[in-house]
Amino acid sequence: MFSSLLGAFSSDIAIDLGTANTLIYAKGRDVVLNEPSVVAFSIRNGRKVVHAVGEDARNMLGRTPGHIEAIRPMKDGVIADFEVAEEMIGHFIRKVNKGGLIRRRPHVVICVPSGATAVERRAIHQSAEQAGAKRVYLIEEPMAAALGAGLPIHEPSGSMVVDIGGGTTEVAVLSLDGIVYSRSVRVGGDKMDDAIIQYVRRTTNLLLGEMSAERVKKEIGSATMPADNEGMTVQIKGRDLMNGVPREIRVTEAMIAESLAEPVEQIVEAVKMALESTPPELAADIVDKGIMLTGGGALLRNLDTELRSRTGLPVSIADDPLSCVVRGSGTVVENLKKWKSVLSSGV
């Protein structure tokens with residue numbers, strides 16, 4: 001269906017097919033697209049007809065009439081709805097290549113979670129092939145994140161990266177262009193949003209939508225309790241579960257910090273398990289170099305402070321954590337021959 005779409009590209013591309021956002025890097029052109037991984041569609045004669053993709057579809061989440069559905073085709077970093085994911089990839093590729101001349105079919109590098117199964121990897125591989133790629137390569141997300149964050153992974157010393165995305169958190173120790181240890185836990189930004197929704201529901205009988213929960217997380221979310229046990233406040237709107245009418249309430253930073261305690265603890269535990277499994281020489285390197293945080297979840301306030309106090313190691317946040325994975329994949333696309341050792345075919 002999309003056999004001509006990727007062929008319209010004049011250069012090879014890298015795609016970070018994320019649970020929350022999809023980013024595309026075009027060879028020689030830098031990051032050319034960053035949109036939410038959301039598709040709105042209706043079903044006609046048994047077929048899914050797409051109405052909106054990306055930012056337009058995201059604005060429809062939780063606001064659609066009965067005949068239209070807005071979904072995220074990615075779940076926990078892998079494809080949950082193959083047909084819709086293929087439509088989404090095709091749309092994004094068309095968008096970044098508006099007015100492009102038909103040239104050779106490109107090579108495509110796509111990121112996959114390190115914990116993805118063979119079936120999940122094959123689904124991602126096939127979705128890009130269906131879009132017309134000449135050759136599809138897969139790169140593990142922690143490897144791409146480390147490259148994008150500028151870590152010296154080619155050196156014979158340990159580097160540790162923690163990539164917190166929408167669906168998964170990838171924890172990895174890298175050395176000599178390879179992954180020494182990796183662990184993928186299915187907790188990320190989406191689980192944090194869900195934890196906020198459940199907490200507010202349990203404590204105030206107010207039902208929040210996904211987008212409202214995400215806004216609260218970005219505005220006053222914190223991995224640690226504020227010093228005054230209240231912190232910043234924000235007004236939120238939702239549906240009262242007692243009488244069914246819309247209502248507005250005030251929530252505090254302390255409430256949100258309490259709601260996020262469990263997902264934050266899961267991330268901390270994943271990091272501690274990785275440290276316990278790291279060979280002693282590489283562990284000594286990490287004591288010196290510390291831990292690098294990437295991904296949207298790295299922007300949660302005080303997460304670096306919490307990790308620092310729980311591990312006793314230096315923790316730093318990448319310069320642009322949201323684009324680390326796609327920029328790392330872009331580094332590979334710029335020189336496929338040099339980085340061939342970090343790629344797999346996925347079939």
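A pocket here is an open set of points, on a 1 Å grid over the protein atoms alone, with protein on both sides within 12 Å along at least five of seven lines, and its lining residues have an atom within 4 Å of a point. With that in hand, let's look at this predicted model, where local features need pLDDT of at least 70, side-chain atom pairs count only at pLDDT 80 or more, and totals for chains, interfaces and linings use all residues. Residues are numbered from 1 along each chain as its sequence is written, and side-chain values use heavy atoms, with hydrogens and water left out.

**Pockets**

Start with the second largest pocket, which holds about 230 Å³ of space; a volume is the space filled by probe spheres set on the points, with grid points joined across faces, edges and corners. Its lining is made by Leu 61, Gly 62 and Arg 63, together with Gly 209, Glu 210, Met 211 and Ser 212. Sort those residues by class and you get 2 nonpolar, 3 polar and 2 charged. (Ala, Val, Leu, Ile, Met, Phe, Trp, Tyr, Cys and Pro count as nonpolar, Asp, Glu, Lys and Arg as charged, and the others, Gly among them, as polar.)

The largest pocket has a volume of about 790 Å³. It is lined by 38 residues, and Ala 20, Asn 21, Gly 166, Gly 296 and Leu 322 are the closest to its centre. Several elements contribute at least two residues each: β1 (13-17), β2 (21-26), β3 (30-36), β11 (159-164), α5 (189-204), α6 (210-220) and α11 (324-334). The largest share, 4 residues, belongs to α5. Helices (H or I, at least four residues) and strands (E, at least two) are DSSP runs, numbered from the N terminus.

**Helix pairs**

Now for how some helices cross. Axes are lines fitted to C-alpha atoms, for helices over the stretch in contact, and angles run from 0 to 180 degrees between N-to-C directions.

| Helix pair | Axes come within | Crossing angle |
|---|---|---|
| α2 (82-96) and α3 (118-130) | 9 Å | roughly 45° |
| α8 (261-276) and α10 (303-311) | 11 Å | roughly 45° |
| α4 (141-148) and α11 | 6 Å | roughly 85° |

Angles under 35 degrees count as roughly parallel, over 145 as roughly antiparallel, 65 to 115 as roughly perpendicular and the rest as oblique. So α8 and α10 are oblique to each other, and their crossing is right-handed, meaning the near helix is turned clockwise from the far one by less than a right angle. On the α8 side, the contact (heavy atoms within 4.5 Å) includes Val 264, Val 268 and Leu 275, while Leu 303 and Leu 307 are among the α10 residues. By class, this contact has 6 nonpolar, 1 polar and 5 charged residues.

The crossing of α2 and α3 is right-handed too. Here Phe 82, Glu 86 and Ile 89 of α2 meet Ala 123, Gln 126, Ser 127 and Gln 130 of α3, which gives 3 nonpolar, 3 polar and 1 charged residues.

As for α4 and α11, their angle makes them roughly perpendicular to each other. Among the residues in contact are Ala 144 and Leu 147 of α4, plus Cys 324 and Val 332 of α11. That contact divides into 6 nonpolar, 3 polar and 2 charged residues.

Notes
1 Å grid on protein atoms, 1.4 Å probe; cavity = no way out; pocket = protein on both sides within 12 Å on 5 of 7 lines; lining within 4 Å.
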